[in-house]
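Hi,

Here is the structure I promised to pass on to you.

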Amino acid sequence: ELRQPRTLDNTREADETVVKANDVEVTKDEEEDEFAPYFLHGKKPKIMITTQNKASSPTYQFIKDLIDTLPNAYYYKRGMFE
């Protein structure tokens, strides 16, 4: 009979602070989470990008790259958005 090697997984002691799967309190918290629609892909987040006054040209290039990369991202000049 082969002995099972000792590993971190099979020698770990149970930790009473770890939340068990399907915990009622956690489930309720997740249901009431205001960001849940975004994480469950039901709602697209809107991303507002702005800069400091008189930003450098590399900053504006970076903003362009962000807008090209992130869906639903928009740039607004500081103090010019509503």
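Let me start with accessibility: a residue is called buried under 20% relative accessible area, exposed over 50%, and partly exposed in between, using a 1.4 Å probe and protein chains only. By that scale Asp 29 counts as partly exposed, because its relative accessibility is 48%.

Before going further, please note that this is a predicted model, in which local features need pLDDT of at least 70 and side-chain atom pairs count only at pLDDT 80 or more, while totals for chains, interfaces and linings use all residues. Residues are numbered from 1 along each chain as its sequence is written, and side-chain values use heavy atoms, with hydrogens and water left out.

**Overall layout**

The protein chain has 4 helices and 2 strands, arranged along the sequence as α-α-α-β-α-β. With a radius of gyration of 24 Å, the chain is well over the 12 Å that the globule rule gives for 82 residues, so it is more spread out than a compact globule. (The radius is taken over C-alpha atoms, and the rule is 2.2 Å times the number of residues to the power 0.38. Helices, H or I of at least four residues, and strands, E of at least two, are DSSP runs numbered from the N terminus.) The C-alpha trace spans about 70 × 35 × 20 Å along its principal axes.

Of the 82 residues, 7% count as buried. The chain exposes about 8,400 Å², with carbon and sulfur atoms supplying 54% of that area; areas come from the Shrake-Rupley method with a 1.4 Å probe, and for residues only the protein chains shown count as cover. Among contacts (heavy atoms within 4.5 Å) with a separation of 6 or more, 56% are accounted for by residues 24 or more positions apart.

**Helix 2**

Asp 29 sits in helix 2, which covers residues 24-32. Of the 9 residues of this helix, the number buried is 0, so helix 2 lies largely in the open. Its N-terminal end is capped by Asp 23, where a side-chain oxygen lies 3.3 Å from the backbone nitrogen of Glu 25.

**Around the strands**

Thr 51 belongs to the loop between strand 1 (47-49) and helix 4 (57-69), and it is buried, with a relative accessible area of 8%. Leaving aside neighbours within four places in sequence, Thr 51 is in contact with Thr 59, Tyr 60, Ile 63, Tyr 75 and Arg 78.

Lys 54 is in the loop between strand 1 and helix 4, but is exposed at 81% relative accessible area. Lys 54 has a positive phi of about 55° although it is not a glycine. Asn 72, in the loop between helix 4 and strand 2, is not a glycine either and has a positive phi of about 65°. Asn 72 is partly exposed, with a relative accessible area of 25%.

Finally, Tyr 76 lies in the segment after strand 2 (73-75) and counts as partly exposed, at 33% relative accessibility. Together with Met 48 and Tyr 74, Tyr 76 makes a nonpolar surface patch of about 300 Å².

Best wishes

Note on methods
Patches are made of residues with over 30% relative accessible area and no salt bridge: like charges are joined within 9 Å, nonpolar side chains (Val, Leu, Ile, Met, Phe, Trp, Tyr) within 5 Å. A salt bridge is a side-chain nitrogen of Lys or Arg within 4 Å of a carboxyl oxygen of Asp or Glu. A polar contact is a pair of N or O atoms within 3.5 Å; within protein, one must be able to donate a hydrogen and the other to accept it, and residues adjacent in sequence count only if both atoms are side-chain atoms.
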